[in-house]
Amino acid sequence: MNRKHRLSTALDIDDVLMECTSYAIRLANEKHKFDPPMTIYEKVTWGKLGTRVDTVYEYFNDPEFYRTQPVYHGAKEFVKRLTQMTEVYICTAVPPEFMGIRAQRIMEEFPEISPDHIYMGAKKDKIHVDILFDDAMHNIINSSATYPVLMRRPWNQEATGMMAVNNYDEFLKLIEVIADSYSVKDKVINLKKPTIVVLVGPSGSGKSKIASQVLQKTDKFEKLMSFTTSDPTAVEKNEWYNYVNIETFRQMCESGEMFQSTMYAGHGYGSRKGDIEAILEGGKHVLTTMDISSTMTLKTHFKNVLTIYIKRDKKALMSNILRKNSSVEDKVNRLMGIESEKHNAEICDFVVEFENYDEAVNQICEILKIENK
């Protein structure tokens with residue numbers, strides 16, 4: 001259908017546009033002289049943890065904290081670009097006694113946003129917009145927005161299946177994809193150009209199995225090997241991944257070796273740009289499986305990224321997850337993510353719904369115009 005109105009977006013402030021937790025951690029390190037210094041990775045969930053990281057909460061009752069919160073690098077330019085693409089609102093939770101300070105900072109730092117577009121309060125499910133951008137998982141889960149989008153932070157790493165991005169560029173690319181999904185047009189596949197085909201879908205959909213079977217049908221595609229922190233001895237080993245520990249994974253991300261990374265069911269996943277470029281330069285197309293977050297990153301770095309959503313009924317998804325050789329916690333995380341995946345199909349180029357794997361493979365081969373070898 002054609003969209004008849006401009007998209008609307010609600011932005012959170014803390015840990016999205018302005019530093020909050022990371023700023024409080026720096027202040028706590030300065031005050032308490034922690035040895036070793038406290039890091040943001042210690043904040044593994046929201047709420048108090050009974051550890052030294054709880055010291056950050058003392059700053060959330062200090063008016064000076066709200067007066068001096070740093071604006072994230074790139075946040076001002078991000079807001080300027082976003083206001084050109086959508087109608088932008090601010091929806092921020094802040095103690096009542098500090099609302100005046102917060103409002104003044106927003107108007108000073110982000111003058112593109114009209115004062116009557118600033119909303120204060122924790123009940124973000126009452127805000128009806130097309131897109132919500134927030135770092136708090138409970139706000140995303142309870143949101144009434146059509147497209148709730150999570151800003152990845154260490155305290156929401158258990159989030160599974162929901163739309164999530166790692167930075168502003170990925171979010172802006174997601175906005176473009178959402179806007180494009182409302183356009184009425186035929187999808188044209190041009191495999192004469194180097195193409196990256198991504199199978200997207202919830203845990204238990206059989207993405208990897210389907211992708212492997214598609215590769216057996218053609219020699220024009222090559223598998224992209226990604227990296228994961230999941231323990232191959234504790235979960236069912238997947239031939240599409242190289243397994244590394246969390247320390248190695250973080251080093252690869254922080255050094256820039258990993259051009260995209262995400263968390264799914266508490267495990268890290270990522271890919272190297274050089275691996276993709278090597279396949280494309282070798283004259284083949286890339287075939288990979290990713291979550292929607294990683295797919296948006298791909299779209300910010302490469303042209304000709306084609307997305308195919310693997311859709312299965314809920315019962316089949318749950319059965320496959322429960323049969324996995326993984327921990328109870330891992331299964332719970334994956335089961336909880338099923339409902340969060342529902343919006344992802346809407347922004348993929350194609351949707352493949354099936355009852356058996358052969359049917360799915362045949363549909364994908366038809367989409368990609370793959371004939372048997």
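## Getting to know the fold

Analyst: Let's start inside: out of the protein's 373 residues, 54% count as buried. Keep in mind that this is a predicted model.

User: How many helices and strands does the protein have?

Analyst: Both kinds of element are present here. The count comes to 13 helices and 15 strands.

User: What is the radius of gyration of the protein, and how does it sit beside the globule rule?

Analyst: The C-alpha atoms fill a box of roughly 70 × 50 × 40 Å along the principal axes. For 373 residues the globule rule gives 21 Å, and the protein's own value is close to that, so it is as compact as a globular protein of that length. The radius of gyration is 22 Å.

User: Among contacts between residues at least 6 apart in sequence, what share joins residues at least 24 apart?

Analyst: Take the contacts in the protein whose partners are at least 6 apart in sequence, then pick those whose partners are at least 24 apart. That share is 70%.

User: Which elements do the buried residues of α4 pack against?

Analyst: Helix α4 covers residues 99-109, and its buried residues are Ile-101, Arg-102, Arg-105, Ile-106 and Glu-109. Looking down the axis of α4, they fall within an arc of 130 degrees, so they line one face of the helix. Their packing partners are α2 (63-68), α3 (75-85), β2 (87-92) and β3 (118-120).

User: Which residues of α3 are buried?

Analyst: Helix α3 is one of the partners of α4's buried residues, and α3 has buried residues too. They are Ala-75, Phe-78, Val-79, Leu-82 and Thr-83. Down the axis of α3 these fall within an arc of 130 degrees, so what they line is one face of the helix.

User: Is Thr-307 buried or exposed, and which residues does it touch?

Analyst: Thr-307 lies in strand β14. Buried means under 20% relative accessible area, and Thr-307 has 1%, so it counts as buried. Asp-349 is 42 residues away from it in sequence, yet their C-alpha atoms are 5.2 Å apart. Leaving out residues up to four places away in sequence, Thr-307 touches Val-198, Thr-295, Lys-299, Ile-347, Cys-348, Asp-349 and Phe-350.

User: How far apart in space are Asp-313 and Glu-355?

Analyst: Asp-313 sits in the loop between β14 (305-311) and α11 (314-322), and at 46% relative accessibility it counts as partly exposed. Along the sequence, Asp-313 and Glu-355 are 42 residues apart. In space, C-alpha to C-alpha, the distance is 8.7 Å.

User: Which residues make the nonpolar surface patch of about 300 Å²?

Analyst: One member, Met-336, belongs to helix α12 (residues 328-336). With 56% relative accessibility, Met-336 counts as exposed. The patch is made by Val-328, Val-332 and Met-336.

User: What is the phi of Lys-369?

Analyst: Most residues other than glycine have a negative phi. Lys-369 is in the segment after α13 (357-367) and is exposed, with a relative accessible area of 61%. Lys-369 is not a glycine, and its phi is positive, about 55 degrees.

Key
Residues numbered from 1 in each chain as written. Predicted model: local features only at pLDDT ≥ 70, side-chain atom pairs only at ≥ 80, totals over all residues. Heavy atoms only, no water. Patch = residues over 30% accessible without salt bridge, like charges linked within 9 Å, V, L, I, M, F, W, Y side chains within 5 Å. Areas by Shrake-Rupley, 256 points an atom, 1.4 Å probe, with all protein chains shown as cover. Salt bridge = Lys/Arg side-chain N within 4 Å of Asp/Glu carboxyl O. Helix = DSSP H or I, 4+ residues; strand = E, 2+ residues; numbered from the N terminus. Buried < 20%, exposed > 50% of the residue type's maximum accessible area, 1.4 Å probe, protein only. Arc of directions from axis to C-beta. Contact = heavy atoms within 4.5 Å. Rg over C-alpha atoms; globule rule 2.2 N^0.38 Å.
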